[in-house]
Amino acid sequence: MSLLNATEFRFSTFLVTGIPGLEAMHMWLSIPFTAMFLLTLTGNITIMLVIWNERSLHVPMYLFLSMLAASDIGLSLSTFATMLRIFWLEAREMSFPACFIQMFFIHTFQDFESAVILAMAFDRIIAISKPLHYASILTSRVILKIGLAILIRTVAVQVPLPILLRRLHFCRSNVLSHSYCLHPDIIKLSCSNTRINSIFGLFVVLSTMGLDFLLILLSYVLILKTVLSITSHGGRLKALNTCISHVCAVILFFTPMICLSMLHRFGPKLPSHVYVLMANMHFLIPPVMNPIVYVLKTKQIRDRIIRIFHRKRPEES
C-alpha cells in the first residue's frame, strides 16, 4: 500500500536546483553571477540606446544587432531571476504555471536569438557578395518583415510546449536538474506518457536552432567562396574582418549547446555540476560576451560610446 500511495502521489510544485555539490558556496557564487547579470543589462541596453539615438546606425547590420541585444536581455531576465533567488534566498520552489511560463520565455528568447544570428549571417552575405545593392535589398521594410517572421516562427513553435505539458502528471520527483525550467528537464519528471512532448520538443529544436545552424554554415561557405574570388589580399581581409564579430556570436551561442548535447549522448559519465555549469554557459555567457565583442570589434558603436562619455565629462565638470 505504501508503494502504491507513493506512486500515486502527485506533486503540485517543482524544486529548481542550484549548483550540485556547491550548495555551501551559493552566497559566494552569487557575487560573480550578479556581476554577470548587471554587465549583461548594462552592455546590451547601452548598445540598444546607442543604435536607437544614432540615425547613422539605422542600417541592417545594427538593427539586427539591436534585436540580438534585446533577445540577450530577455534570456538573462528569464534565467538569472531564479538563479539569484536560489543563491540569495535559498528559494527553490516554483509552481507549475510559473515554471511553464519561465520555460516558454527561456526557449522563446533562445530560438529568437538563434534566428537573429541567422539573419545577421544573411546580412553579411549580401554585404560581401552584393555591396552595391546592399541598401536596395535590405531596406527598412525588409528588415521589419524579417523581424516579424522571426517573432512569428518563434512564438508559433513555442506556444504548444507549455500547453502540452499541462496534460502531464508529475509523481516520480519534482526536483529539476537546473536553476531554471527547461522542457527536456520537465518531461523527464513526468509519470505520464511523454512521447508527444518528446517528439514535438525534438521537432522544435531541429526546425529552429538545428536548421538555423545548418543555414549559418551554408552562409559562410558562400561568404568564403565570394571572399576567395576577390583579387586583392587587402580586400579579402577587409571582407573577412566584417564577419569576425558575427563568427564570435555564432561560437558563443552554439558551441556550449553542441558540446553539452554530445556529452549527454556520447561522453563519459561526469559529475552533475559539470552538466549544470555547461548549461549555464550556454544560457548566461552569450548575453554577457556579445556586447563586449561587438563594442570591441565595431568601430562605429565604440566611437559613439566614447563620444557619449566624453560629452558627459565636461557637463559634470
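Helices (H or I, at least four residues) and strands (E, at least two) are DSSP runs, numbered from the N terminus. By that rule the protein chain has 13 helices and two strands. This is a predicted model, in which local features need pLDDT of at least 70, side-chain atom pairs count only at pLDDT 80 or more, and totals for chains, interfaces and linings use all residues. Residues are numbered from 1 along each chain as its sequence is written, and side-chain values use heavy atoms, with hydrogens and water left out.

**Overall chain**
- The C-alpha trace spans about 80 × 50 × 40 Å along its principal axes.
- Of the 317 residues, 44% count as buried (under 20% relative accessible area, 1.4 Å probe, protein chains only).
- Among contacts (heavy atoms within 4.5 Å) with a separation of 6 or more, 78% join residues 24 or more positions apart.
- Accessible surface (Shrake-Rupley method, 1.4 Å probe) comes to about 17,000 Å², and carbon and sulfur atoms hold 71% of it.

**Second largest pocket**

- Helices H3 (60-89), H4 (96-129), H10 (233-241) and H13 (299-316) each supply at least two lining residues.
- H10 gives the most, with four residues.
- The lining divides into eight nonpolar, six polar and four charged residues.
- Here Ala, Val, Leu, Ile, Met, Phe, Trp, Tyr, Cys and Pro count as nonpolar, Asp, Glu, Lys and Arg as charged, and the others, Gly among them, as polar.

Conventions: Buried < 20%, exposed > 50% of the residue type's maximum accessible area, 1.4 Å probe, protein only.
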